[in-house]
Amino acid sequence: MERVLVLCTGNSCRSIMAEALLNHLGRGRVAAVSAGSHPTGHVHPLSLATLKRHGIDPGQPRSQSWDAFADQNFDLVITVCDQAAAESCPVFLGATKKLHWSTPDPAKTTGTDADIQAAFDNAVHQLKHHIEEYLA
């Protein structure tokens, strides 16, 4: 089973959604977790609602620091926000492959409820596309 760590600065939206999508689409081939460099300490409720609406079980995600995983082995580390990609990540043990999937932060979207929901949907679609390509 491939171990994957998804990183984002706040670990409340994009990395949480990518974690759930990887675990779902990986169908037992992938064990994904997510973390952040400066975690918010909460998971954005629209991240969970959007995943559920798309038929994805979000599991029990937590907004947590990437320091919690610094001594673990991962096969793949994925950054999903440009800010996290530019930061100095902790050293992860093992032969870790790194990927960057730039994904706009839906939590920063303003406008109507429909605009905000569309931003969360777009993030899920973008991440799903990257994951499907990776798993192919």
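**Ground rules.** I number residues from 1 along each chain as its sequence is written, and I use heavy atoms for side-chain values, leaving out hydrogens and water. As this is a predicted model, local features need pLDDT of at least 70 and side-chain atom pairs count only at pLDDT 80 or more, while totals for chains, interfaces and linings use all residues.

**Overview.** I took them as DSSP runs numbered from the N terminus (helices H or I, at least four residues; strands E, at least two). From the N terminus on, they run β-α-β-α-β-α-β-α. Buried residues (under 20% relative accessible area, 1.4 Å probe, protein chains only) make up 46% of the 136 residues. I also checked contacts, meaning heavy atoms within 4.5 Å. Of those with a separation of 6 or more, 67% join residues 24 or more positions apart.

How are the strands ordered? I read 2-1-3-4 in an open sheet of 4 strands with parallel pairing; a pair needs at least two DSSP bridges. Strand 2 (30-36) and strand 4 (97-100) are at the edges with a single partner strand each, so one side of each has no neighbour in the sheet. The twist averages 20° from one strand to the next. For angles I use N-to-C directions, from 0 to 180 degrees, with axes fitted to C-alpha atoms, for helices over the stretch in contact.

I then followed strand 1 (residues 2-8), which pairs with strand 2 in the parallel sense over 7 bridges. Leu5 stands opposite Val33 in strand 2. Helix 1 packs on this sheet, touching strand 1, strand 2 and strand 3 (76-79), and its direction makes about 175° with that of strand 2.

**Helix 1 on helix 2.** The axes of helix 1 (residues 14-25) and helix 2 come within 9 Å and cross at roughly 30°. I therefore call the two helices roughly parallel (angles under 35 degrees). On the helix 1 side I see Ile16, Met17, Ala20 and Leu21, which meet Ser47, Leu48 and Leu51 of helix 2.

**Helix 2 on helix 4.** Helix 2 (residues 45-53) also packs with helix 4 (residues 113-135), their axes coming within 10 Å and crossing at roughly 65°. Leu46, Ser47, Thr50 and Arg53 in helix 2 meet Ile116, Gln117, Phe120, Asp121 and Val124 in helix 4.

Terms used: Parallel < 35°, antiparallel > 145°, perpendicular 65-115°, else oblique. Buried < 20%, exposed > 50% of the residue type's maximum accessible area, 1.4 Å probe, protein only.
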